[in-house]
Every structure is written in C-alpha cells, then in structure tokens.
Amino acid sequence: MDIRPFHTARRCNSQLLPTGNDQLSLTLSFRIELIRVEPTTSFNFGGGIHATGNGILHDNVDGSHQTFQLDPWTDAEWADFRANFSRVILNYWDGKFRLVPTEPWYGHGSSRREANIDCRLAIHLVDADSGVHQRYFIIKPRQTTFRSFAQAHLRRALLTHRDLWLRSSTRRVRVGSEWHRVDFLQCTALHEFGHTLELDHIAGQGNHDAAYGTTLEARSNIMGGGHQLSTRQARPWIRRLERHLIRRPGRADFDARFSARMVGLQLIAYWDWDEVSGSAASAVTTTPPPSQAPAPPPSRVLSIRTRW
C-alpha cells in the first residue's frame, strides 16, 4: 500500500513516517495559541459567554446567568502555565496507543509486512496569525465553579488557571449490580484536550451527569470523570490514518484495517469505598504540578462537568 507522508488540515496536521523496518509513527500535530485573558480583556466567546473588560465574565450557556470575577495574571504565573501546558498534555496523550493491522499492508508485492503504527502527539505553542489550529483562552476566575469546555468544531477552548491540576470528585456509580461511592481523580485540561481530539463524553454527547458514565468502568475513563484511557480514545488516530493511506481497489492490501492496543501501564486513579451512597455531590480538592504554587487551594464543592 502506498502512503501520503504528510496531511494538512484546519484542526491539526499529521505525519505518517517510518521509524524502523516494521514500525511507523502517526503524529497529530497541533499549533495552539494560548490567550492570556486579563480582567481588562474584552471578548465575545459566543454561546452566551462574554466579557466587556470590567473584570466580570458573563456565562449564559446553560440558560441561567452566572458571573465570574476575573483576577489578573502575573508574568510568572503565565510563564508557568505556558511551560506546563504542553508537558501535561503530552505526558498523558503522546505514545499511548499502537495501531495493529489485520493483514500485511506495508510495502509492495511479496515484501508487504504487518507494520504497526505508534500514535504520537505534537504540540507547538504559537502566536496569533501563525497558522493556528486551536485557540485556548485561559482565565483566572476567583470563583471555583466555572466549567471549562472545548469545542473542536469551532477550534477553541476556554480553560482556567486551575485546569492543569488533578482534582478529586466523589460519585455514586454502579459496580456490578450495586452502587458504590467512588473517589475519582481527573485533570480537566486532559479531558478538554480529548474534546479537541474530537472525542465525545464516554456515554455520548451532552453535559448531563450520565454522559460522564454511570458505571465504574465508564466514569473512570478520561472522557468520563476519571483519568484512564481505553482503546476507544485511539479513534482520532485511526480516522486520520485514512488520510494517509492510498487504497487501490483490486490490490491484496485494499481491505487492511487497524485496531488499537494500549502501550504501557496506567495509574489507577480512583478509590472505591465499597459502600452504597445516595449522594451525587463532589467534594473537590486540587493538587498543583510541582512548578506551580507550593500549596493547593482549599477543598471546595464543585461538579466537574464540561460543555460540548
């Protein structure tokens, strides 16, 4: 099968290149502009979110008007956020899947081989008007209840300065035929980048709580309310691979298909209290990365939800 090494698109570029005799890598490459939102910044994000530069962010997305007081960034805080953004996302999403073919496809004739493809990710932080794929607006809301979100189809996201931290939430989920109270860890920025990759919530579109999963397996997924990946999250690479493969009818490799395998081990980021609980409230704490402030904010009540 012949391949196109490079593909350019509005949402991200990609490269399919050999890395060994029977190995290739498919890299999704994003050019992302991080936009520093100050209290004096005036912008209309659309969908009911806007700021007029008076330090107040207006949020009408869910039909009920909410306002959030915006605090200013220091230069040191902004530099830390920029430095941590790519590192946090790449450490989680890069190199976690391998695509395995159903039959020999790489090469020609009798030399065709069952070459595997590693799924890679690249992030380049760029300035405006530099071929931007995605724009991430970063705010510093004084309140802790703002719900971050990403919209792949509009190539934008709105995050807070806290979203690179792990947060703990408690939910009642099904374990077999019983309901257990379980604590889940999740980094909001990793979940939102999943939306940038055009992934939906684990149980479908929407922001109702069930979309984040009602079983332990579903809720613990990164596209639910947890921190774990599954092979379902390899779909962005599988879809993009078709842009690189030149399938010719009548050739033996025309019907070759690829399935995903996980690479490496994963941290189990939940704690099952093994007891039934009727409460759906989330007690949330946050833990900053090492280069952030030495002490985390105090515990608070927050539902970790995301608009789509």
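User: Where is Arg 155 placed, and why does Arg 155 count as buried or exposed?

Analyst: In this predicted model, Arg 155 is placed in the loop between strand 12 and strand 13. Its relative accessibility is 19%, and buried means under 20%, so Arg 155 counts as buried. The backbone of Arg 155 also has a positive phi of about 60°, although the residue is not a glycine.

User: Why is the pair of Phe 45 and Phe 149 called edge-to-face?

Analyst: A search of the whole structure finds 17 aromatic pairs. In one of them, Phe 45 and Phe 149 lie 5.5 Å centre to centre with 90° between the planes; since pairing needs centres within 6.5 Å and edge-to-face needs planes over 60 degrees apart, the pair is edge-to-face. Phe 45 lies in strand 5 (residues 42–46) and Phe 149 in strand 12 (residues 149–151), so the pair ties together parts that are 104 residues apart in sequence. Phe 45 is buried, with a relative accessible area of 2%, and Phe 149 is buried with a value of 3%.

User: What makes the pair of Trp 78 and Phe 81 stacked, edge-to-face or tilted?

Analyst: The rings of Trp 78 and Phe 81 are 6.1 Å apart, centre to centre, with 5° between the planes, and planes under 30 degrees apart count as stacked, so this pair is stacked. Trp 78 and Phe 81 both lie in helix 1 (residues 75–93), three residues apart, about one turn of the helix, and both are buried. Ring pairs also link Trp 78 and Phe 81 with Trp 73, Phe 85 and Tyr 136 into a cluster.

User: How do you know that a charge sits over the ring of Trp 73?

Analyst: The charged end of Lys 140 is 5.9 Å from the centre of the Trp 73 ring, and the distance part of the criterion asks for NZ of Lys within 6 Å. Arg 172 lies over the face of Trp 179, at 4.6 Å from the ring centre.

User: What makes Asp 163 buried or exposed, and with which side chain does the side chain of Asp 163 make a polar contact?

Analyst: With a relative accessible area of 2% against a limit of under 20%, Asp 163 is buried. Asp 163 is found in the loop between strand 13 (156–160) and strand 14 (166–175). Its side chain makes a polar contact with the side chain of Ser 148 at 2.5 Å, where the limit is a pair of N or O atoms within 3.5 Å. Leaving aside its neighbours within four places in sequence, Asp 163 is in contact with Ser 148, Cys 187, Thr 188 and Ala 189.

User: Why is Leu 34 called buried, and which residues is Leu 34 in contact with?

Analyst: Leu 34, found in strand 4 (residues 23–36), has a relative accessible area of 7%, and the limit is under 20%, so Leu 34 is buried. Beyond its neighbours within four places in sequence, Leu 34 is in contact with residues including Trp 78, Phe 81, Phe 85 and Tyr 136.

User: Which residues of the largest nonpolar core touch the most other members?

Analyst: Of the 49 residues in the largest nonpolar core, these are Trp 93, Trp 105, Phe 193 and Trp 237. Helix 1 gives the most to this core, with seven residues. Not counting residues up to four places away in sequence, Phe 193 touches Phe 30, Ile 32, Ile 89, Trp 93, Leu 121, Ile 123 and Tyr 136. A second, separate core of 14 residues includes Val 37, Ala 51, Ile 139 and Leu 158.

Methods: Residues are numbered from 1 along each chain as its sequence is written. This is a predicted model: local features need pLDDT of at least 70, side-chain atom pairs count only at pLDDT 80 or more; totals for chains, interfaces and linings use all residues. Side-chain values use heavy atoms; hydrogens and water are left out. Rings of Phe, Tyr and Trp (its six-membered ring) pair if their centres lie within 6.5 Å; planes under 30 degrees apart count as stacked, over 60 as edge-to-face and the rest as tilted. Helices (H or I, at least four residues) and strands (E, at least two) are DSSP runs, numbered from the N terminus. Buried means under 20% relative accessible area, exposed over 50%, partly exposed in between (1.4 Å probe, protein chains only). A charge sits over a ring if NZ of Lys or CZ of Arg is within 6 Å of the ring centre and within 35 degrees of the ring normal. A polar contact is a pair of N or O atoms within 3.5 Å; within protein, one must be able to donate a hydrogen and the other to accept it, and residues adjacent in sequence count only if both atoms are side-chain atoms. Contact means heavy atoms within 4.5 Å. A nonpolar core is a set of buried Ala, Val, Leu, Ile, Met, Phe, Trp, Tyr and Cys residues joined through side-chain atoms within 4.5 Å.
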